[in-house]
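Work through the exercises below with the model open. Each task is followed by a stepwise solution.

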Amino acid sequence: MPALQRGFSATAAKLEAIVSNGPIGRRLLNVGEAAQYLGVSVDTLHKWVQLRAIPHVKAGRALRFDLVALNRYIDEHTIGTID
């Protein structure tokens, strides 16, 4: 199982609560939300940012993660089964 999915236990309701921002629909997650979304610790996520291993956005001192880019990252790093 890929490292990104090992601790992933977000239900559809949790996921909607993370990315919901009323009628606007929020697209950028903060560090805690992104770590929860990916199922990793905040420290691990900070390490990936430092290594430039995961797409992120810097707005001044704020670190944000684009939900679309995170989904693309998950898709690109998902290891399929052997048939």
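Two strands pair if DSSP finds at least two bridges between them. Helices (H or I, at least four residues) and strands (E, at least two) are DSSP runs, numbered from the N terminus. This is a predicted model: local features need pLDDT of at least 70, side-chain atom pairs count only at pLDDT 80 or more, and totals for chains, interfaces and linings use all residues. Residues are numbered from 1 along each chain as its sequence is written, and side-chain values use heavy atoms, with hydrogens and water left out.

**Exercise 1. Find the hairpin and describe its turn.**

Step 1. β2 and β3 form the hairpin, with two residues between them.
Step 2. In the turn, G60 has a positive phi of about 70°.
Step 3. The pairing of β2 with strand β3 (residues 62-66) is antiparallel, over three bridges. A59 has A62 in β3 as its bridge partner.

**Exercise 2. Give the strand order of the sheet and identify the edges.**

Step 1. The sheet is open and has three strands, in the order β1-β3-β2, with antiparallel pairing.
Step 2. β1 (28-29) and β2 (57-59) each have a single partner strand, so one side of each lacks a neighbour in the sheet.
Step 3. Helix α5 (residues 67-76) packs on the sheet and touches β1 and β3. Its direction makes about 60° with that of β3; angles run from 0 to 180 degrees between N-to-C directions, and axes are lines fitted to C-alpha atoms, for helices over the stretch in contact.
Step 4. β1 and β3 pair in the antiparallel sense over two bridges. L29 has F65 in β3 as its bridge partner.

**Exercise 3. Characterise the packing of α3 on α5.**

Step 1. Helix α3 (residues 31-38) packs with α5 at an angle of about 30°, and the axes are 12 Å apart.
Step 2. α3 is therefore roughly parallel to α5 (under 35 degrees; over 145 is roughly antiparallel, 65 to 115 roughly perpendicular, the rest oblique).
Step 3. A34, Y37 and L38 of α3 make the contact (heavy atoms within 4.5 Å) with L67, L70, N71 and I74 of α5.
Step 4. By class, this contact has six nonpolar, one polar and no charged residues. Ala, Val, Leu, Ile, Met, Phe, Trp, Tyr, Cys and Pro count as nonpolar, Asp, Glu, Lys and Arg as charged, and the others, Gly among them, as polar.

**Exercise 4. How do α3 and α4 cross, and through which residues?**

Step 1. Their axes come within 9 Å and cross at roughly 100°.
Step 2. α3 and α4 are therefore roughly perpendicular to each other.
Step 3. V31, G32, A34, A35 and L38 in α3 meet V42, L45, H46 and W48 in α4.
Step 4. The contact of α3 with α4 comprises seven nonpolar, two polar and no charged residues.

**Exercise 5. Where is confidence lowest, and where highest?**

Step 1. pLDDT is the predictor's confidence in each residue, from 0 to 100. The protein's mean is 82.
Step 2. Confidence is lowest in helix α1 (residues 3-6), at a mean of 46, and highest in helix α4 (residues 42-50), at 97.
Step 3. Where pLDDT is low, the predicted coordinates should not be read in detail.
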